[in-house]
Amino acid sequence: QSCMPFAPALRRAAGVNHYIRAAMLGGGVMALLGSSAHIDPSHMSAHVEVSAAVLEEADAVDVLATRFPFLERAELRRFLRACKGSIPDAEAKLLRYLQWRSETFPLRREDILEDLRRGVLVEHGKDAAGRPVLIYFGDNYKPGETNVDNIIRAMVFTLEQAFDRMPDGIDQVVLFIYTPHGASVDYSLIRALSSCFSNNYPERLHRAYVFPAGPWARGFWSLIKWCFVDAVRQKVMLVKDGESPAELDIASLPKKFGGLDEWWFHPDQV
């Protein structure tokens, strides 16, 4: 099983670079781009100079849709919002995103199975609104047993699978960060994770919970929070042991997190 490179509308595509070229040509930026060429948004000479102040969001998405007709409007909207309504910034961010996907996908389960079995990021359950819950097991990451790039690839695979299974009307995930005392704090992993998710999955996080929010977790969060953009930091909540956030579905939340579910991660589940 492989994790395909694009949203459903793109899964019928013959190749990623075809769409990157289409985006560049659609914007009138380049007349020709080789299949293995690297895209540098700084070379783009023709942006649509339209102020977000005079464009409604829907109109701005329409502009982006003419440049990226193969991407879903919801995806264009997320990138636009992440760029605070700037069409040129959103175009550049989307081009970098497409370049990243061309270099990253497809991801095959068999190639990353060992890192998936480490259980650093696992999907389990949903919140009360039906959003998938992803659990980051801080104590499952052991620096030195693998490298950051491999863990990021495993996380991306897990995240993409969660997106694939989302029902209509749901486009965000909930992140539960389990940080028991003694969990490893690897700043290289945190920085890589923040960069990857901020650049390629903007506006995909609904809420993040850090648990249990004792002295260790509070210290952990105070150290790593500056690795994340302000929009992400504002979505993080510290949860004390014994508490269960109201918007989570306690029926599918593990007992250790204050829920009713007996489930706990084991490598054999992968």
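Trainee: Which helix supplies the largest share of the lining of the largest pocket?
Mentor: Helix 7, with five residues. This is a predicted model: local features need pLDDT of at least 70, side-chain atom pairs count only at pLDDT 80 or more, and totals for chains, interfaces and linings use all residues. Residues are numbered from 1 along each chain as its sequence is written, and side-chain values use heavy atoms, with hydrogens and water left out.

Trainee: What makes a residue part of the lining?
Mentor: An atom within 4 Å of a grid point. For the largest pocket, 34 residues qualify. Phe-197, Ser-198, Leu-205, Phe-228 and Val-232 lie nearest its centre.

Trainee: Why is it called a pocket?
Mentor: Because it is an open set of points on a 1 Å grid over the protein atoms alone, with protein on both sides within 12 Å along at least five of seven lines. Its volume is about 710 Å³. That is the space filled by probe spheres set on the points, which are joined across faces, edges and corners.

Trainee: Which elements each supply at least two residues of that lining?
Mentor: Helix 3 (73-82), helix 6 (148-164), helix 7 (187-200), helix 8 (215-224) and helix 9 (230-233) are among them. So are strand 4 (132-137), strand 5 (173-178) and strand 6 (205-211). The elements are DSSP runs numbered from the N terminus: helices are H or I with at least four residues, strands are E with at least two. The chain has nine helices and seven strands.

Trainee: How do the lining residues divide into nonpolar, polar and charged?
Mentor: 25 are nonpolar, two polar and seven charged. Ala, Val, Leu, Ile, Met, Phe, Trp, Tyr, Cys and Pro count as nonpolar, Asp, Glu, Lys and Arg as charged, and the others, Gly among them, as polar.

Trainee: What makes a space a cavity?
Mentor: A 1.4 Å probe fits but cannot get out. The whole structure holds two cavities of 30 Å³ or more.

Trainee: Why is Val-148 called buried?
Mentor: Buried means under 20% relative accessible area with a 1.4 Å probe, protein chains only (exposed is over 50%, partly exposed in between). Val-148 has 16%, so the label buried applies. Val-148 is found in helix 6. Beyond four places in sequence, Val-148 touches Tyr-141, Asp-186, Ser-188, Leu-189 and Ala-192. Touching means contact: heavy atoms within 4.5 Å. Over the chain, 47% of the 270 residues are buried.

Trainee: How do you know that strand 4 is largely enclosed?
Mentor: Six of its six residues are buried, so the rest of the structure largely encloses strand 4. Pro-132, Leu-134 and Tyr-136 point one way, while Val-133, Ile-135 and Phe-137 point the other. In a regular strand, side chains alternate between the two faces of the sheet.

Trainee: What makes strand 4 and strand 5 a pair?
Mentor: Two strands pair if DSSP finds at least two bridges between them. Strands 4 and 5 have five bridges and run parallel. Ile-135 stands opposite Phe-176 in strand 5. Strand 3 (residues 121-126) pairs with strand 4 in the antiparallel sense over four bridges. Strands 3 and 4 form a hairpin with five residues between them, and Gly-130 in the turn has a positive phi of about 95 degrees.

Trainee: Why is a set of residues called a nonpolar core?
Mentor: Because its members are buried Ala, Val, Leu, Ile, Met, Phe, Trp, Tyr and Cys residues, joined through side-chain atoms within 4.5 Å. The largest here has 55 residues, and Leu-64, Phe-68, Tyr-136 and Val-156 are among those with the most contacts inside it. Helix 6 brings the largest share of this core, 10 residues. Another core lies apart, with 15 residues, including Val-133, Val-174, Val-239 and Phe-265.

Trainee: Which residues does Val-156 contact, leaving aside neighbours within four places in sequence?
Mentor: Trp-100, Phe-105, Leu-107, Cys-196 and Tyr-201.
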